[in-house]
Amino acid sequence: MSTQASTHGTMTLKLIVWRQKGPNEPGRFETYEAKNITPHHSFLEMLDVVNEDLIKQGKDPIAFDHDCREGICGMCSAVVNGVPHGGQKRTTLCQLHMRKFKDGDAIYLEPWRARAFPIIKDLIVDRGALDKLIQEAGWVSCHTGGVPDGNAIPVSKPAADYAMDAAECIGCGACVAACPNGAAMLFAGAKVSQLAALPQGQVEAPERVAAMVQAMAQNGFGNCSNHYECEAACPKGISVKFIARLNREFARALVKEKTGSFTPR
Ligand code: SF4
Ligand code: FES
């Protein structure tokens, strides 16, 4: 991707997009022109312009995921020129703007590619495997919703800050797409660390981390081999220190299991 910004006028870009009609259909790259794009268009608005043109021509628009378009929901997901979310630091695809490109640029667009994320159509993948991790191990068995519950147990400021840093994860799956092993360790590490840092989550910490590790293996995710591509691609700046925390929590759980102080779920 060019880092040279266009400051005026409109641009015409060449889009080379992965098109795939369905999960079991063959996919291929197709080339389109994105015309009349201003530097102020967001990346998704640029796709909207291309899709308007395709619809006018009676063609199938490019399917892509999106919802909030504000960088908070985690729905937008495409690999731009080989980098999930396009490679701008701490930026989701919906918050990437066309001022990062220049007239005549060629842009390759692909879906997240990972064994755990089968393609549904074009740039849309099924990220339900991340939901399964949350169902298995992303919860606590106590009331946390109301203000009285929230205030019932004091939480130290460092623990609250640490948990909030982990809770920034929006579940987009870019870490999985960036990882050469298709591992979900950054996502899982953030969730395990967030809950293990808080008193409400500490009681079930061994069961949780054991269930999380098992769920990752059962849902098609690979193993972490310390490439750190996940941290580089994460639009929320989730640190690999949370992967280290998951590993420490898991080692503790193994010891506790050996001594019979907890039973895996
Ligand atoms: S850790 Fe980062 S890249 Fe992975 S799902 Fe969470 S926000 Fe997305
Ligand atoms: S559309 Fe919600 S984070 Fe991009």
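These legends walk through several close-up views of a predicted model.

**Figure 1. The whole protein chain, before zooming in.** The protein chain holds ten helices and seven strands. Its C-alpha trace spans about 65 × 40 × 35 Å along the principal axes. Of the 265 residues in the protein chain, 48% are buried. If you take the contacts between residues at least 6 apart in sequence, 72% of them join residues at least 24 apart.

**Figure 2. The open sheet of five strands.** Reading across the sheet, the order is E2-E1-E5-E3-E4, and the pairing is mixed. Strand E2 (28–37) and strand E4 (83–84) sit at the edges with a single partner strand each, so one side of each has no neighbour in the sheet. As a reminder, strands of a sheet pair through backbone hydrogen bonds, in either a parallel or an antiparallel fashion. E1 and E2 go together in the antiparallel sense, over eight bridges, and here valine 17 stands opposite glutamate 30 in E2. E1 also pairs with E5, this time in the parallel sense and over four bridges, with isoleucine 16 opposite tyrosine 108 in E5. Strand E3 (residues 79–80) is joined to strand E5 (residues 106–110) by two bridges, and these strands run antiparallel. Look for valine 80, which stands opposite leucine 109 in E5. As for cover, seven of the nine residues of E1 are buried, making this strand mostly covered.

**Figure 3. Helix H1 lying across the sheet, with asparagine 51.** Helix H1 (residues 43–56) lies across strand E1 (11–19), E2, E3 and E5. Relative to E2, H1 runs at about 100°. Asparagine 51 belongs to this helix. Is asparagine 51 buried or exposed? With a relative accessibility of 8%, asparagine 51 counts as buried, because the cut-off for that class is under 20%. Setting aside neighbours within four places in sequence, asparagine 51 is in contact with Pro61, Ile62 and Phe64.

Figure 4. A pair of aromatic rings is described by the distance of the centres and the angle of the planes. The count comes to five aromatic pairs. In one of them, the ring centres of tryptophan 18 and phenylalanine 29 are 5.1 Å apart and the planes stand at 80°, so the pair is edge-to-face. This pair links distant parts of the chain, with tryptophan 18 in strand E1 and phenylalanine 29 in strand E2, eleven residues apart. Tryptophan 18 counts as buried at 15% relative accessibility, whereas phenylalanine 29 is partly exposed with a relative accessible area of 38%. Ring pairs link Trp18, Phe29 and Tyr108 into a cluster.

**Figure 5. The shell around ligand 1.** Which residues surround ligand 1? The list runs Cys169, Ile170, Gly171, Cys172, Gly173, Ala174, Cys175, Leu186, Phe187, Cys234, Pro235 and Ile238. Sorted by class, that shell has ten nonpolar residues, two polar ones and no charged ones. Helix H5 (174–178) and helix H6 (185–196) each supply at least two residues of the shell.

**Figure 6. The buried residues of helix H2.** Helix H2 (residues 128–137) has Gly128, Ala129, Leu130, Leu133 and Ala137 buried. The elements that cover the buried residues of H2 include H5, H6 and H8.

**Figure 7. Glutamine 95 in its loop.** Glutamine 95 is placed in the loop between E4 and E5. With a relative accessible area of 33%, glutamine 95 is partly exposed. Not counting residues up to four places away in sequence, glutamine 95 touches Arg69, Glu70 and Gly71. Zoom out to find serine 261: its C-alpha atom and that of glutamine 95 are separated by 47 Å, and the two residues are 166 residues apart along the chain.

Terms used:
Residues are numbered from 1 along each chain as its sequence is written. Chains are lettered from A and ligands numbered from 1 in the order in which they are written. This is a predicted model: local features need pLDDT of at least 70, side-chain atom pairs count only at pLDDT 80 or more; totals for chains, interfaces and linings use all residues. Side-chain values use heavy atoms; hydrogens and water are left out. A residue is near a molecule or strand if one of its heavy atoms lies within 4 Å of it. Ala, Val, Leu, Ile, Met, Phe, Trp, Tyr, Cys and Pro count as nonpolar, Asp, Glu, Lys and Arg as charged, and the others, Gly among them, as polar. Two strands pair if DSSP finds at least two bridges between them. Contact means heavy atoms within 4.5 Å. Axes are lines fitted to C-alpha atoms, for helices over the stretch in contact, and angles run from 0 to 180 degrees between N-to-C directions. Rings of Phe, Tyr and Trp (its six-membered ring) pair if their centres lie within 6.5 Å; planes under 30 degrees apart count as stacked, over 60 as edge-to-face and the rest as tilted. Buried means under 20% relative accessible area, exposed over 50%, partly exposed in between (1.4 Å probe, protein chains only).
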